[in-house]
Amino acid sequence: SIFELEKAKARAHILEGLIIALDNIDEVIKTIRASKDTDEAKNALVSKFKLSELQAKAILEMRLQRLTGLERDKINEEYAQLQAQIAYLESILKSEEKLKSIVKEELLEIKEKFSTKRRTQIEEDYDAIDVEDLIPNEKVVVTMSHRGYVKRVLLKTYEKQNRGGKGKISGNTHDDDFIESFFVANTHDTIMFVTNKGQLYWLKVYKIPEAGRTAIGKAVVNLINLQSDEKIMATITTTDFNEDKSLVFFTKNGIVKRTNLKEYGNIRSVGVRAINLDENDELVTAHIIDSNVKELFIATHQGMCIRFGIEELREIGRVSRGVTGIKFKANKDYVIAATTITSDTDKLLTVSEQGIGKQTLAGEYRLQSRAGKGVIVQKLTTKTGKLVSVVNINDENMDLMVLTSSGKMIRVDTEAIREAGRNTSGVRIVNVGKDKVAYANVCPKESKEEDMGDEEGSEGLNID
């Protein structure tokens with residue numbers, strides 16, 4: 001388009017000169033006849049009619065037949081067509097959507113005109129060899145960013161670089177991104193991605209591109225068959241799909257479902273339905289359950305929560321809807337977070353829209369029966385705003401990453417956030433001003449020289 005635009009503008013420039021000459025043909029002829037040579041004539045035309053040298057040269061090379069009325073009409077018609085072409089090409093270059101649409105149309109034309117069926121069939125069908133047999137089973141660190149970039153790095157890479165020092169787990173990201181989760185896994189392990197639409201996808205760890213510690217990684221949408229309206233809500237890793245483990249799913253409308261992990265062992269490239277969702281419902285998160293998990297914890301946007309024993313949630317089939325986990329006390333309330341609890345000493349970190357938060361021991365929230373209305377998880381006021389996030393922060397090597405609605409990122413050391421009781425507001429964790437917290441989650445702790453924390457991050461202002 002750029003090439004054609006420049007070509008059209010160049011031709012239009014010449015035609016503009018010819019049109020000026022035709023409008024002043026008697027004076028042009030007189031000027032040319034009065035000149036001693038071509039250069040003098042060209043300079044005289046440039047000076048007298050304010051033409052460019054290219055236009056003047058074209059006038060001098062113009063044939064006499066161009067003076068006829070028919071030829072003049074052709075010049076005007078060509079000039080009008082060029083103006084329309086220039087406007088069209090400029091509209092393409094100003095609109096990426098229009099540009100992509102044209103690329104799509106042209107590719108479809110090529111596909112229809114030149115498409116032939118594949119003659120060679122590519123298959124991963126070997127009678128005696130499994131693909132995994134050719135891949136060494138070694139420990140790697142898998143990192144995934146908030147924007148969905150994933151990579152794997154050999155664990156020994158970190159061991160070499162971090163020996164004798166604090167080190168860091170994360171690598172480089174885009175300016176508006178950060179490492180949200182990381183875990184150590186074997187290359188033969190399986191990662192499960194659960195989306196807001198209730199779909200579950202698998203990916204073998206060895207299929208994640210290996211990269212250097214400082215590399216950004218590859219977009220996960222290029223590795224699994226995500227639909228355009230799907231968003232990954234949970235990333236879970238497992239070494240096997242035995243019946244000693246189960247998966248628990250939590251939805252926005254307070255539905256919770258527990259299914260044995262073996263139900264998801266039949267790996268398909270297009271994924272499987274993990275939970276049947278109601279029409280106006282969507283998945284919030286999912287967690288793997290083993291013998292260490294004792295209880296489940298659900299929190300809502302209006303600041304309520306419920307804590308109940310895992311035994312109250314029996315296992316049901318993969319395509320089932322689930323049962324009620326929490327009933328909403330207020331209108332327009334919905335689940336914003338859910339997590340697992342191993343003991344009363346687990347620390348739960350809550351964050352509200354205005355950046356107010358606190359740490360509270362899980363034992364502060366009384367144990368209830370499933371499907372109750374729950375108790376207050378954080379005292380909410382106009383100064384705090386609604387609840388945004390609740391996370392389990394038993395790992396001391398984690399920071400809190402806060403994203404505001406305007407896209408600002410603020411990192412806070414979780415150790416700087418003090419403990420407070422259940423029915424309290426907490427302290428100001430981040431100063432968002434007129435902005436609001438849109439998302440908060442824990443992430444690997446950065447080394448001090450690469451810390452992304454905001455100087456306004458932790459003021460310790462008690463607003464209980």
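Glu78 is partly exposed, with a relative accessible area of 26%, where buried means under 20%, exposed over 50% and partly exposed in between, for a 1.4 Å probe and protein chains only. The structure is a predicted model, in which local features need pLDDT of at least 70 and side-chain atom pairs count only at pLDDT 80 or more, while totals for chains, interfaces and linings use all residues. Residues are numbered from 1 along each chain as its sequence is written, and side-chain values use heavy atoms, with hydrogens and water left out.

Glu78 belongs to helix α5, residues 69-94; helices (H or I, at least four residues) and strands (E, at least two) are DSSP runs, numbered from the N terminus. Leaving out residues up to four places away in sequence, Glu78 touches Arg11 and Leu15, contact being defined as heavy atoms within 4.5 Å. The C-alpha atoms of Glu78 and Ala12 are separated by 8.5 Å, although these two residues lie 66 residues apart along the chain.

The largest nonpolar core has 23 residues, of which Leu18, Val28, Leu45, Ile59 and Ile75 touch the most other members; such a core is a set of buried Ala, Val, Leu, Ile, Met, Phe, Trp, Tyr and Cys residues joined through side-chain atoms within 4.5 Å. Two or more residues of this core come from each of α1 (2-23), α3 (38-49), α4 (53-60) and α5, and α1 gives the most, with nine residues. Beyond its neighbours within four places in sequence, Leu45 is in contact with residues including Val28, Ile32, Leu51 and Ile59.

Strand β4 (residues 190-195) is joined to β7 by six bridges, and Phe193 has Thr235 in β7 as its bridge partner.

Thr187 lies in the loop between β3 (179-186) and β4, and its contacts beyond four places in sequence include Ile135, Arg152 and Tyr206. Ile110 is placed in helix α6, residues 96-114.

The table sets out accessibility for these two residues.

| Residue | Relative accessibility | Class |
|---|---|---|
| Thr187 | 1% | buried |
| Ile110 | 45% | partly exposed |

Technical notes
Pairing = 2+ DSSP bridges.
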